[in-house]
Amino acid sequence: MPNTYTQVHIQFVFAVKYRAALIANDWKDELMRFITGIFQENNHKMLQINTMPDHIHIFIGMRPHQSISALIQNVKTESSKWVKAQNVCSVPFAWQEGYGGFSYAKSQVPDVIRYIQNQEKHHKKRTFLEEYREFLTKFEIEWEEQYIFKELE
């Protein structure tokens, strides 16, 4: 769109269904490259991406031509199909319903990038659920425990 100028930085966080630790080290880099490609095909700028075995952090510069919900639905659907097509996971793979989306100022971008790069270090001190609850609290998002990502039943 002519004369449209934006600066929107968003971190997305979502989990593997039931928070199962299915993302293995031997294929996580390929998954991150595939997901990066989806964002790039949709004309968004990938700033940082990293996975843990049970969840993913994605930080982008978002363009205004697409809704957040449509973008994340596309990413989850296509990346789940990719995992199945690559036959890299011994059990059925899917992302859990829902996601977190957190916006940042330009001045915060370097800190968020470092935070995402250091996921392994952070998760030696706290679990994914503890981290996710901290995000929701820090960003003053109202939430209910019953709707937080589910564990294996």
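How much of the accessible surface of the protein belongs to carbon and sulfur atoms? The share is 48%, out of about 9000 Å² in total (Shrake-Rupley method with a 1.4 Å probe; for residues, only the protein chains shown count as cover). Keep in mind that this is a predicted model, where local features need pLDDT of at least 70 and side-chain atom pairs count only at pLDDT 80 or more, while totals for chains, interfaces and linings use all residues. Residues are numbered from 1 along each chain as its sequence is written, and side-chain values use heavy atoms, with hydrogens and water left out.

**The whole protein**

- You'll find 5 helices and 4 strands here, taken as DSSP runs numbered from the N terminus (helices: H or I, at least four residues; strands: E, at least two).
- Reading from the N terminus, the order of elements is β-α-β-β-α-β-α-α-α.
- The radius of gyration is 15 Å, close to the 15 Å from the globule rule for 153 residues, so the protein is as compact as a globular protein of that length (the radius is taken over C-alpha atoms, and the rule is 2.2 Å times the number of residues to the power 0.38).
- Along the principal axes, the C-alpha atoms fill a box of roughly 50 × 35 × 30 Å.
- Of the 153 residues, 45% count as buried (buried is under 20% relative accessible area, exposed over 50%, partly exposed in between, with a 1.4 Å probe and protein chains only).
- Take the contacts (heavy atoms within 4.5 Å) between residues at least 6 apart in sequence: 71% of them join residues at least 24 apart.

- Strand β1 (residues 9–15) runs antiparallel to β3, with 7 bridges joining them (two strands pair if DSSP finds at least two bridges between them).
- One of the bridges links His9 to Gly61 of β3.
- β2 also pairs with β3 in the antiparallel sense, over 7 bridges, and Met52 has His55 of β3 as its bridge partner.
- β2 and β3 make a hairpin, with 2 residues between them.

**A closer look at His57**

- His57 sits in strand β3, and it counts as buried because its relative accessibility is 0%.
- Which side chains make polar contacts with the side chain of His57? One is that of His55, at 3.2 Å, and another is that of Gln119, at 2.8 Å.
- A polar contact here is a pair of N or O atoms within 3.5 Å; within protein, one must be able to donate a hydrogen and the other to accept it, and residues adjacent in sequence count only if both atoms are side-chain atoms.
- Setting aside neighbours within four places in sequence, His57 is in contact with a list of residues including Gln11, Phe12, Gln48, Tyr115, Gln119, Glu131 and Phe135.

**Helix α3**

- Helix α3 spans residues 109–117, and its buried residues include Val109, Val112, Ile113, Tyr115 and Ile116.
- They cover an arc of only 160 degrees around the axis, which puts them on the same side of α3 (the arc is that of the directions from the helix axis to the C-beta atoms).
- The buried residues of α3 pack against β1, β2, β3, β4, α4 (119–122) and α5 (128–138).

**Two asparagines with positive phi**

- Most residues other than glycine have a negative phi.
- Asn43 has a positive phi, near 65 degrees, and lies in the loop between α1 (25–41) and β2 (45–52).
- Asn43 counts as exposed because its relative accessibility is 52%.
- Beyond its neighbours within four places in sequence, Asn43 is in contact with Arg63 and His65.
- Asn87 also has a positive phi, of about 55 degrees, and is found in the loop between α2 (68–86) and β4 (100–104).
- Asn87 counts as exposed too, because its relative accessibility is 63%.
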